[in-house]
Amino acid sequence: MDARSAKAALIAGNLLYQEEKVSKADTSTLRRAETARTGQKPFAAIVSCSDSRVPVEHIFSAGVGDLFVIRTAGNIIGVHELGSIEYAVGYLGVKLVVILGHNGCGAIVEALRDRQVKGAAAVIIEEIRAAIGSEDSPEKAEVLNTWNSWRQINRSPLVEQAVQDSGVQILAAHYDIYSGRVEFL
Ligand SMILES: [Zn+2]
């Protein structure tokens, strides 16, 4: 599926989710057996926050084998996430990568707080702080953080080449945990 069709499929799936319409997501035993046997061909890769209120497959009414999903607190991109994206693009033939931020993000709230974070989580908070600079509005910080991740993805030479040669698109989007709506930025 090309990037344009993949985006249209995500938007259509998200509309169903917002309207609580019956999902067309195929999670049947048949689909499970088929994808297990023949391999995965996801139509998009989504990078989202690990927040439990951002249930990626539900948000896009997606079934087994539809989406290649990478989740980290604050939807930040490190080397493991970037490697996963390169795999999706280079080996699975995914043409659309979406970095999906959201409102009410706890990682952003923590980054805006003036206190030290302990342990490995400090790496996440420092990444977000560098991305948002002196911004103190959570809403604006969320968007700045999403664009930072977008830039990190585009920094990969393999991704850059796929964008130029294979029609791969990297898009940024924002998810509203109240309405369930995904807005492409
Ligand atoms: Zn979050």
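I searched the whole structure, which is a predicted model, and found one cavity of 30 Å³ or more. I noted about 30 Å³ of space in this largest cavity.

**Entry 1: the cavity lining.** I listed the residues that line the largest cavity: Asn75, Gly101, His102, Cys105, Ile108, Glu142, Asn145 and Thr146. I then sorted the lining by class and recorded two nonpolar, five polar and one charged residues. Which elements each supply at least two residues of this lining? I found them to be S3 and helix H7 (138-154). H7 gives the most, with three residues.

**Entry 2: the zinc ion.** I looked up the protein donors of the zinc ion and found Cys49 (SG), His102 (NE2) and Cys105 (SG). I wrote their spacing in sequence as C-x52-H-x2-C. Cysteine 49 belongs to strand S1 (residues 44-49) and histidine 102 to strand S3 (residues 96-102), so I noted that this pair, 53 residues apart, links distant parts of the chain. Are cysteine 49 and histidine 102 buried or exposed? I recorded both as buried.

**Entry 3: cysteine 105.** I located cysteine 105 in the loop between S3 and helix H5 (106-112). Why does cysteine 105 count as buried? Its relative accessibility is 2%, and buried means under 20%. Leaving aside neighbours within four places in sequence, I found cysteine 105 in contact with Cys49, Gly74 and Glu142. I also compared cysteine 105 with valine 54: the two are 51 residues apart in sequence and 10.0 Å apart in space, C-alpha to C-alpha.

**Entry 4: the nonpolar cores.** I kept a general point in mind: in soluble globular proteins, nonpolar side chains tend to be buried together. How many residues has the largest nonpolar core? I recorded 20, and those with the most contacts inside it are Leu10, Ile46, Phe60, Leu67, Leu96, Leu100 and Val182. The elements that give two or more residues to this core are helix H1 (3-18), S1, helix H3 (56-59), S3, strand S4 (169-175) and strand S5 (182-184). I noted a second, separate core of 19 residues, which includes Ala88, Ile99, Ile153 and Val168.

**Entry 5: leucine 96.** I returned to one residue of the largest core, Leu96. Setting aside neighbours within four places in sequence, I found leucine 96 in contact with Ala3, Ala6, Lys7, Leu10, Phe43, Ala44, Ala45, Gln169 and Leu171.

Methods: Residues are numbered from 1 along each chain as its sequence is written. This is a predicted model: local features need pLDDT of at least 70, side-chain atom pairs count only at pLDDT 80 or more; totals for chains, interfaces and linings use all residues. Side-chain values use heavy atoms; hydrogens and water are left out. Donors are N, O and S atoms within 2.8 Å of the metal (3.2 Å for Na, K and Ca); water is not among the atoms, so sites may look incomplete. Helices (H or I, at least four residues) and strands (E, at least two) are DSSP runs, numbered from the N terminus. Buried means under 20% relative accessible area, exposed over 50%, partly exposed in between (1.4 Å probe, protein chains only). On a 1 Å grid over the protein atoms alone, a cavity is a set of points where a 1.4 Å probe fits but cannot get out, and a pocket is an open set with protein on both sides within 12 Å along at least five of seven lines; lining residues have an atom within 4 Å of a point. Grid points are joined across faces, edges and corners, and a volume is the space filled by probe spheres set on the points. Ala, Val, Leu, Ile, Met, Phe, Trp, Tyr, Cys and Pro count as nonpolar, Asp, Glu, Lys and Arg as charged, and the others, Gly among them, as polar. A nonpolar core is a set of buried Ala, Val, Leu, Ile, Met, Phe, Trp, Tyr and Cys residues joined through side-chain atoms within 4.5 Å. Contact means heavy atoms within 4.5 Å.
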